[in-house]
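Subject: Structure for your review

Dear colleague,

Please find below the structure that I am handing over to you. My findings follow it.

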Amino acid sequence: MKTFKHILKYGSISGVIMIASWFISHLIFTEDDGSFDMSSGELLGYASMILAFTAVFIGVKNYRDKELKGVINFKKAFAIGLYIVLVTSVIYVIGWMIYYPNFMPDFADQYLDGQITQLEESGLTGVELDQKVEELTSEMELYKNPIVMSGVTFMEIFPVGLVVAFLCALILKKKE
């Protein structure tokens, strides 16, 4: 039970940091015309993930030091980190499913417009541009499905967290 509470505590801290970053990003990067600066927001988003995932490092270290008297093997450290990342990821997905329709309902349209602009600026023209635009438009239609949106949102954060959990386990493993 202590392990579960520990995981829940650090996963929740990490998840709250991520959700708070959306509000901060929204305040900072929303233009006067209501559009959102996607590239700056994306940069802050990934920086926030790294910041939020410091809770994985702190959580594994505290678990090792307080619950296991300073000794933890790689497998146990990775498992604790992984579970913290899972809690964070679930909070992230639930948070996005609430945040998106209430605070950024035009996110998908703005994202699509930004992607099309990038394609045009890259020099694509004609049939090739039309194909890419059709592909992106189709993907944005799929994104309207809550199951697809949940999966995409989960895959934004979980792989980053998985790498962090692995690195934390490597760094924090400690034999007697």
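In what follows, two residues are said to meet when heavy atoms lie within 4.5 Å. Please note that this is a predicted model.

**Helix 3 and helix 7**

By that criterion, Val56, Phe57, Val60, Lys61 and Arg64 of helix 3 meet Val164, Ala165, Cys168, Ile171 and Leu172 of helix 7. The residues of this contact comprise 8 nonpolar, no polar and 2 charged. Two packed helices are described by the angle between their axes and the distance between the axes. Here the axes of helix 3 and helix 7, the latter covering residues 146–172, come within 9 Å and cross at roughly 35 degrees. The crossing of helix 3 past helix 7 is right-handed.

**Helix 2 and helix 3**

Helix 2 (residues 38–52) and helix 3 (residues 54–67) have axes that come within 4 Å and cross at roughly 5 degrees. Angles under 35 degrees count as roughly parallel, and helix 2 and helix 3 are therefore roughly parallel to each other. Their contact joins Ile50, Leu51 and Ala52 in helix 2 to Thr54, Ala55 and Val56 in helix 3. It consists of 5 nonpolar residues, 1 polar and no charged.

**Tyr111**

Tyr111 belongs to helix 5, which spans residues 107–121. Its relative accessibility is 32%, so Tyr111 counts as partly exposed. Leaving aside residues up to four places away in sequence, Tyr111 touches Met38 and Met140. Between the C-alpha atoms of Tyr111 and Glu121, which are 10 residues apart along the chain, the separation is 15 Å.

Yours sincerely

Methods: Residues are numbered from 1 along each chain as its sequence is written. This is a predicted model: local features need pLDDT of at least 70, side-chain atom pairs count only at pLDDT 80 or more; totals for chains, interfaces and linings use all residues. Side-chain values use heavy atoms; hydrogens and water are left out. Helices (H or I, at least four residues) and strands (E, at least two) are DSSP runs, numbered from the N terminus. Buried means under 20% relative accessible area, exposed over 50%, partly exposed in between (1.4 Å probe, protein chains only). Axes are lines fitted to C-alpha atoms, for helices over the stretch in contact, and angles run from 0 to 180 degrees between N-to-C directions. Angles under 35 degrees count as roughly parallel, over 145 as roughly antiparallel, 65 to 115 as roughly perpendicular and the rest as oblique. Ala, Val, Leu, Ile, Met, Phe, Trp, Tyr, Cys and Pro count as nonpolar, Asp, Glu, Lys and Arg as charged, and the others, Gly among them, as polar. A crossing is left-handed if the near helix is turned anticlockwise from the far one by less than a right angle, and right-handed if clockwise.
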